[in-house]
Amino acid sequence: MKKICFIVSLVLLACNGTKSTVSNESNNISEGSTVAKTDVANQEDVAKTLQFLTSDDLEGRNTGSSGIEKASYFLEDIFKKNGVQPYFKTYRDTLSNYDLPAYNIVGYLEGNDPKLKNEFVVIGAHYDHIGRIQAVNGDDIGNGANDNASGTTAVTEVVKYFAKHKTNRRSVIFAFFSAEEKGLLGSKHLAKKLKEQQIDLYFMFNYEMIGVKMNREDMLLYLTGFGKSNMAKKMNEYAGENLIGYIPAETQYQLFRASDNYPFYTEFEIPAQTVSTFDFENFQFYHQPDDEFELMNTAHMTNVINKTIPVLEKMMNAATKEIQMNK
């Protein structure tokens, strides 16, 4: 997540403490889900992807670095292996607003409905992080496991599902954004480019920092910009449970403006929102070297993915644009 504000950093640094252990929480798939248990993400695959993206070899995935280049090849390969076509001439969408070579990685899956395929949804997450930073106990790599290898991993699993089943009536653009940590530059670039193409964009859905479970049972995820649209209401309706909620920190820290959903909102004036489980109380290592794979709850991540896939399926396949901005 883009650096939110100086006071947040101070709070998080102040609560820096002992590393926790990874939970063995089991996967939990809703009854009545449109996704069969054999078809959903499994924890082993989630962990494998997350471990690669957070490895020291990638040196914190700083935009324009050799480390993020390795991540970009990996994500391109996900598209290739699953038969997802590039949205542009290649998977690489070169940023026009950054001084080093930097790329969004963008794939496209055409909708299967003759009419609705002319409408689009964007599903994304940023895959960059902050690279090498001030060392803590000799470690100077900001691996960015929660921020945002966790969200990136989620999108790879969404890609695999829809590429395999092709159940999407509307066309889907899958976007892995670069330079989010530099000021949402990747999403600003892509949103502007898509706006210039005048595509009919229905909604944008973004995953951000889902690596650690919140210490509450009344929701699995919170949604930024909660009151701006009926997205949370419709997602809960589609899920048949209280999947999405609101937390005051979302408003306090203006999180709606802090991630890659925001440029799509400003360019298209559509529902463009982010789901997250980072609530400022459940994770102590924001923008620190200890944001590493070992602290991620991959069972929780797998549960988030498996809960959101059938909801996304219903969102993108509704006969009309049921998700709307609140007046």
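Reply: Start with burial. A residue is buried if its relative accessible area is under 20%, exposed if over 50%, and partly exposed in between. Keep in mind that this is a predicted model.

Me: Is Phe278 buried or exposed?

Reply: Phe278 has a relative accessible area of 1%, so it is buried. Phe280 comes to 12% and therefore counts as buried.

Me: How do I describe a pair of aromatic rings?

Reply: Use the distance of the centres and the angle of the planes. Rings pair if their centres lie within 6.5 Å. Planes under 30 degrees apart are stacked, over 60 edge-to-face, and the rest tilted. By this rule there are 19 aromatic pairs.

Me: What is the geometry of the pair Phe226 and Tyr246?

Reply: The ring centres of Phe226 and Tyr246 are 5.7 Å apart. Their planes meet at 55°, so this pair is tilted.

Me: Which parts does that pair tie together?

Reply: Look at where each residue sits. Phe226 is in the loop between β9 (221-223) and α6 (231-239). Tyr246 is in the loop between β10 (244-245) and α7 (248-252). The pair therefore ties together parts 20 residues apart in sequence. Phe226 has 30% relative accessibility, so it counts as partly exposed. Tyr246, at 35%, also counts as partly exposed.

Me: How far apart are the ring centres of Phe278 and Phe280?

Reply: They are 4.8 Å apart. The planes are at 40°, so this pair is tilted.

Me: Which rings are linked into a cluster?

Reply: Ring pairs join Tyr87, Phe88, Tyr108 and Phe120 into a cluster. Phe88 also has Lys193 over its face, 4.1 Å from the ring centre. Elsewhere, Arg92 lies over the face of Tyr103, at 4.6 Å from the ring centre.

Me: Now the whole chain. How many helices and strands are there?

Reply: The chain has 9 helices and 11 strands. Of its 327 residues, 59% count as buried. Take contacts between residues at least 6 apart in sequence: 81% of them join residues at least 24 apart.

Key. Residues are numbered from 1 along each chain as its sequence is written. This is a predicted model: local features need pLDDT of at least 70, side-chain atom pairs count only at pLDDT 80 or more; totals for chains, interfaces and linings use all residues. Side-chain values use heavy atoms; hydrogens and water are left out. Rings of Phe, Tyr and Trp (its six-membered ring) pair if their centres lie within 6.5 Å; planes under 30 degrees apart count as stacked, over 60 as edge-to-face and the rest as tilted. Helices (H or I, at least four residues) and strands (E, at least two) are DSSP runs, numbered from the N terminus. Buried means under 20% relative accessible area, exposed over 50%, partly exposed in between (1.4 Å probe, protein chains only). A charge sits over a ring if NZ of Lys or CZ of Arg is within 6 Å of the ring centre and within 35 degrees of the ring normal. Contact means heavy atoms within 4.5 Å.
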